[in-house]
Each structure stands twice: as C-alpha cells, then as structure tokens.
Amino acid sequence: MSERRRRTPDPGGDGQQPPGGGGRRGGGPGPDELRSDGVGRRRPSGVRETAQQPRMTRAEMRKAAQKKGKGGGRRDAVAASAAAAAGPGKKRFIDYPRFGKTGVRRWLPSWKQWLSGFLLVFGCFVGLVFYLYQTTEVPELNKLVNNQNTIYYWADNTEMTRKGQTNRQIVELKDISPNLQNAVIAAENKSFKTDSGIDPKGMLRAVWNMAKGGETQGASTITQQYVKNAYLSQEQTLSRKVREFFITLKINQDKDKNEILTGYLNTSWFGRGANGAQAAAEAYYGVNAKDLNVCQSAMLAGLLKGATYYDPTNPANKERAQGRWNWILDQMVDTKAITPDERAKCTAFPDPIPQKPSSNMNGEISYLVDTANKYVMATDKTITPQMIDRGGLKIYTTFEKDKVDALKSAVDAVKAENLNPQKRPDNDTNIQFGSASIRPGDGAIVALYGGDGVENGHFDNNADATGVQVGSTFKPFVLATAMQTGVQTAKDDKGKPKRINADSRYLADDMSEIRKPDGSLVIGDDGKPYRQKNEDSGKRGYVSLRMAMQYSYNVPFVQLNQDVGGQNVADIAVQMGVKKDSLADPKTATFPLGTSTISPIRMATAYGTLAASGKEAEPYSVTKVEVSGVERPGFGKKEPKVALEPAVADNVTDVLVNVAVNGTGKKTKDLGRPVAGKTGTTDQNKSAWWVGYTPQLVTSVAMWREDPAKHERQSLNGTGGKESIHGGDIPTDVFTRYMKAALANEKKMDFPTPQPVGTEVDSSGAPSTATATTAPSTTDSPSAQTPQSQAPQPPVQPQPTQTCVPGVDCPGDQPSPSNSRNPHPGNTCLPVIGCPTQPSPTDSTPPGNGGGGGGKPGGGGGGGKPTPSNTGGQQGMPPGQ
C-alpha cells in the first residue's frame, strides 16, 4: 500500500489519541473532520482519526479525466475526488438530477421517484374522477321529450316544411311485448341484466369481432345507449363521451334494470319517424307494442343498429335486413329467450306494412327533403337520421320553389297528354319519371322531380335513382375522351395518342365488325366476331363523329371507344361528375352505349361540366345547417375542378348543339334559345333519356317503366299508344316545357365559340378525300378498323361534295325503304343542316342476342329492337341511345 493511502501513525504508540484532538495544532479539525456543510466538528475523545470520506481509485480518476477531455489529467481526477468528498451540500426536496451519479444514470429517476410519481398521478386522476362524478348532473327526463322540429327552407329562405319527432308515445314496460324486450337485449347487450352499465369486456369483444369481420353487439351497453338517446346529443365528441360515462354510472346506481330498459325502448329511434317501441310497432306493423310476436320483434330490434340500412321497405336493404333478422333470432335462442321450436316458426320474413306518409311531405317535398338529408349526413358525419328526426335543426336548401313547381307541372302535363292507364292498362301504368336541374359551374340543385308523391304510394326518389341505364346520353363522354386523351390508333409528334376532332370519320354501317386498337377483332360471347347494330339496317358508310352523334349511330362510337380505351372513357366520366360505382364494366364492347346506371342528378352534373367549359362543380342541395342555433361548417358551394380543357368541352357542346338543332333533339327548338343535349334509349326500350343544357341551366329527364312489386324494369314499347319511346320524344318534351318556364326571366345566351382542338383522324378504311364510298359488305370486309394494308378498300367513286354527305345520302349509298326505318333524302340537301322532307331521326339501338352472328363481350349479344321490317326483334340488347 502506498504511503499516500496509509493511515496516520499513532503518535502515542498504544492506539490512544494524544491530548488536544488528534495532534492537530491549535485543536482545529483535520481534513476528515468537516461536516457536510464545511463547518468543522469536534471528535469525541477516544475516537481514532481515520479517513472519513472514500477516496477515488486510480481507475475512477482515469475515467473522470477521459470525460473532461484532454489536458485534464491527474489534476482533474483529483478535483473530481475533492468534489465527491465535499458531499451534496444542502439537502434538496427532490434529488433530481441525481447527486453522485454520472452519465445517463444521473438523469434516470430512482425507483422511489418512479413510485412517487405514479402515486401522485394516480391520486390526481382519482381526484379528477371524483370531482367529475360529483359535478355531473343528470338532466330531467321530461325536458328531453319536448317536440322540436327540423325546419327546411327554400333557396329564398322562406320555410318549405317541418319534420320533427311527433311520432313518440311513452308506455310502461308492461305494455311492451316481452318478445321485443328479449330481442333487443339479445341484439344489443346480452349481459344487460348483470353488467354495471359500463361493459369493458363488451367493448373489447366488439373491437375483436370487428377485426375478424364478424357480427358485433356494439361497444355500448343498453344503459349507455339510453343515456345517449335520452340525455345527450348524438355528437361523437370527447366531452360528450365523458358525460355519457358519468351519467351512465349515476343512472345505473339510481335506477333498476327495468327502469333503464323502459327508458331505452321509449327513446330509441326505429326509422319511419318513429321514436320508441309503441310508435315503431304502429309504423311497421299497425299493432300495439304489447302485441308484437317473436318474428316481428326480431325485425324491429334489427332496426336499432341503423334504420337507414336495415329498413326492409327499401329494396336495397331487404337482404341485409333479413340477415340481421335471422342473426337476432339465433341470439335469442342462445340467450334462452326462446326455444329452438319457437325459432323454427319464424320461417318467413315479416314484411312491414306500407309507410304512411306525413301530410306535410306530399308532392315533391318528400324527395327534396330526402335529397337534402342525404347531403347533410354525407357532409357532416356527426348528423344522423335520428338526430334529424329528433329536431332542432335548420336546413337551408338550394331548391327554388318556382322551378320545382314548373318541373312538376311539365311532367304532369306530358303525362296527361300521352298516358291513359284506363285505355291502355298494360302499357301506360307504372310509368316513372326522374329529373334534376342544376346550375352549371356552381352545382346548386335548383329543382327535382322524384315521383308521383308519397301520398300516392311512391316513396323512392327517382331523381337519385339507380338501376336505370342511360343509353346514348353516354356517347358525349366517349367523344370528350377522344378529344382530351386521343386515340391509340394514331400517334402525335411525341409518340402519344393523337387527339382528334369531331370531323374525324368512322364507319357507320349497320352490323359492322369492331376491332381493337391493334387491329384484331373483338370476339363476342359466342366465339364469333362481334358485330354492332344501329337503329336501322342502312349502309351509312364513313360519317363524321358530328353526324354520328346527330343521328345517334352506335357503330362509330363503339369503335371509337375501342380506339381510346374504355377505362380512359370511364376516368373522364368520373372527372366530369359521374359516380364511379354507377359505371358498368368499361371492358365490355357496349360500354359506350350507356349500360351504366347513372342517376339523373349525376347526369345533369356531368353535362353541366360541358356547359361550364370543362369545370366540374359538385352538386349540392344545402347551403347552411344550424344545430340548436349553432351553424355547422362545410356546407355550400365547393370550388369547381377542371375536368376537361375548355376547348374540348366547348367542341363537345358544339356537337350537341347540332343534335338539338338537326338531330334527335329537334323538339327543343321550341325553347327559342341555344340548347345542347343528347337523347338516350336503352335495351328493349326500357328507358328513355334527354339531358340538355343552356349556358344557365342543365336538366336531365329520365323515363322508364317499373314493376312496383318486383322493382324490375319493363319495356316502354306501346306506351302512349306508340310503337316505341325514344329520348327525343316524351323526355325532350318535358325538358322543353320546363326550361321555357324556368328561363322565362333570364336572357338568351350563346355558348362559347369553340377553339380548335385535335385534328381529323379517320378510322382505318376511310376514304382519303371527302367523297362517298361504296361501303364494304359486313360479310365480305373484315371491319372498319382493319388496317388498309390488310384489307384493301373498294375503289372510291368521286361525287360532288356540295350536294351530299359522303356515306349518308349520296347516290349508291342510300338503302332502300324496305330495309331502313330512317332513310335520308336524296342528294338535294345536307342533313347536317336539315332537310324539310327528312323524317325526324330516331335513336339507335345496339344488337341483342343472336342477331348478326355475334354477341357482345361480357354478356348478351347480337339482335336489335323491333322495327317495321324486323317485327320479331331480338332480346338482350344493350342500351343504344
């Protein structure tokens, strides 16, 4: 051991301290006799002087020197030792950073500190919970059943109608069927009788079941739901959840289970405006709540999960409602509420009685309210149907009363003039109309026609109908795509698809073969080359896309769709305002002929994009919503999006103006102002459309026939005593009458002059000059899309271009009257301008099953609509116009 660390030798030799305190001169304290505060202390006599503080070892001194950096050396180690020897100084209340620790350990709390911190936080939490529990008040129930109204306003802020919870009846538990009580418990909260109102296991179970994709009971107990229904709003906010938690605890302590169940069944929303079990029993089955049987009770219990989605009155909900009903019955067996034998008696689903309409929802009001409610709930997810029915909302809409009345008057007048159910009961019954009118570039829905009115038993909103194919009103989307993205059969200087214009020519011969961009034939379901049919069987030769749109020829647009790509067409349609889920499969050959089922509201929106020079404005029906006097954000006009180049939109509009002036929409001439639009007629004449617009207003009109029991579309053939109904007939008449009234006080406006877009890109096989050709036979020539190198074309016969249109009305191309239902006149006039003696063009219809030796890819093929020369007709036609 070194001398530096040896103990001081004992001067006395016998281990005793010398007098005077350790041999120090003057009796002062030695270096090891300092207190922690540095003040000397006197050692008791007889105690040997030793090193009172540990000294740092050499290893510790080296580490201290390394931490301090170079140059510290032994001097820094000695300093560190001296600091350690000095002690912590004055004792701190919280030793943090920790004294005597180095590095990370200096900043890590000790276990005592961790424990102290946990106890402190836990104590504060308990105190906060106790405080909130004591200060949370349970509202008086009788204040919550007051009748409030949800008020709807017209666009000019005058009141339209009111809707409130007027259908509520409070009854005792003994007046509610035990079947319904047991069904609700089985469906919503199996442990209701035993739980404390807050069920953590139920919450975890709900999360687990949702993760597995299985059926769930929901994370809330019946007690929690009762509190939410009776004492709180339906908002999904943290503060409401906290209040719900504490009120639930108090309710569970203050009330027994029967009282809670009674309150829950009297405050729950079942749809159809029914709040409470008694109102629901009357609304759905016309009986008192105490008389509900097991089967009916299970159906009503299923509505508690969401009446909007489980009310079987809506055909779209029927399958979902039946599945929920079966599941609840199984749960009732599982909880021993019923026996398997009782369960077996519920074999047929208990369909509800027809809904009884409220008198203040007659006419078009119910459809306007339905549209506004859907928009409100889609925009603000915290607003639910139950919340709307409970009242307290003010909803300001975009609907203009004068225009709504004008649209209804137009439909009623046309129906009165054309339909006679007494005279033609098999043809003039179950005729449906749906219409929407929107301001282009803004998106405000100013008028709707949703049906005959709930007072007449019509509850579906036809303006937002799905399942009605749009026919040839879809063709402008194909043309817009060709102008915007180009055709894949030609390339520009950059190697991209070449953009075309409306002067591009495509073969319009009936029963023409269709080819893919690579020149290969499109094959039908029967394994044979697919051939497309027009409305008539004429040989039209190569016509411009402008003329193909004018007379609604199918063949050019089916081929054009192949050239641009069906998916590109679908994308453009969505950009213009069509809902993606309403589109048919873009891979099918008949996709451009309108097999998609787009609602009148969305068709008006998409055409409004054309009217607004390519700017798509999302449709909206509500400008402002107030809940309990507080305005909710997010409502009103949205910023328009650019969907098409202005030149593209304006050129398509120019083509559609020609349709209204010279083509299938001639009836709109009576409007006396510039109009653009397109007609549409579908497979087997099951629907007819006109979608048209002026610069100020766009309106879609759809007409179809539907079996009210099966909700199946029926043919319009024979309706109004006419062989068939086309879009240019009754729907165009409705449009013209309505627009006359709607625009009576607005000035006439012209559409923008279209700027040049694209170039003329003719289909393969088109003549190189603006001359007529002898159209190749569909049986001898491969197709219009066959490359010239593979399919030599017949010699071109020059004709005077100033007297006829090539391939349409030039000598040698005109079909005989016996095989054409729409012959054009001779070479003395131009059909583009309009011939006085020319019959009104009719809509084209594509092939059906078995016609022309081909089938459409993806379903049904060949054939055509009955014509004077083909009265037998073919079935399964895709929409044509």
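This is a predicted model: local features need pLDDT of at least 70, side-chain atom pairs count only at pLDDT 80 or more; totals for chains, interfaces and linings use all residues.
1. Overall make-up. The protein chain has 881 residues, of which 51% count as buried, and its secondary structure comes to 23 helices and 21 strands. Among the contacts in the chain with a separation of 6 or more, 70% are accounted for by residues 24 or more positions apart.

2. Helix H21 and its burial. Helix H21 covers residues 600-611, and its 12 residues should span 16 Å at 1.5 Å a residue, which agrees with the 16 Å between its end C-alpha atoms. Since 12 of the 12 residues of H21 are buried, the helix is largely enclosed by the rest of the structure. The buried residues include Arg602 as well as Ile601, Met603 and Leu610. After H21 comes Ser613, and the phi of Ser613 is positive, near 55 degrees.

3. H21 against H22. How are H21 and H22 placed relative to each other? Helix H22 covers residues 646-662, and H21 packs with H22 at an angle of about 105 degrees, the two axes being 8 Å apart. Angles of 65 to 115 degrees count as roughly perpendicular, and H21 and H22 are therefore roughly perpendicular to each other. On the H21 side the contact is made by Tyr607, Thr609 and Leu610, and on the H22 side by Ala649, Val652, Thr653 and Leu656. The residues of this contact divide into 5 nonpolar and 2 polar, with no charged residue.

4. H17 against H19. Helix H17 (residues 475-484) and helix H19 (residues 554-564) pack at an angle of about 45 degrees, and their axes lie 10 Å apart. H17 and H19 are therefore oblique to each other, and their crossing is left-handed. From H17, the residues Lys475, Val478, Leu479, Thr481 and Ala482 meet Asn554, Phe557, Leu560, Asn561 and Val564 of H19. The residues of the contact of H17 with H19 divide into 6 nonpolar, 3 polar and 1 charged.

5. A residue in strand E4. Is Ala274 buried or exposed? Ala274 lies in strand E4, which covers residues 274-275, and because its relative accessibility is 0%, Ala274 counts as buried. Ala274 and Arg390 are 116 residues apart along the chain, while their C-alpha atoms are separated by 9.9 Å.

Terms used: Residues are numbered from 1 along each chain as its sequence is written. Side-chain values use heavy atoms; hydrogens and water are left out. Axes are lines fitted to C-alpha atoms, for helices over the stretch in contact, and angles run from 0 to 180 degrees between N-to-C directions. Helices (H or I, at least four residues) and strands (E, at least two) are DSSP runs, numbered from the N terminus. Angles under 35 degrees count as roughly parallel, over 145 as roughly antiparallel, 65 to 115 as roughly perpendicular and the rest as oblique. A crossing is left-handed if the near helix is turned anticlockwise from the far one by less than a right angle, and right-handed if clockwise. Contact means heavy atoms within 4.5 Å. Ala, Val, Leu, Ile, Met, Phe, Trp, Tyr, Cys and Pro count as nonpolar, Asp, Glu, Lys and Arg as charged, and the others, Gly among them, as polar. The expected span of a helix is 1.5 Å times one less than its number of residues. Buried means under 20% relative accessible area, exposed over 50%, partly exposed in between (1.4 Å probe, protein chains only).
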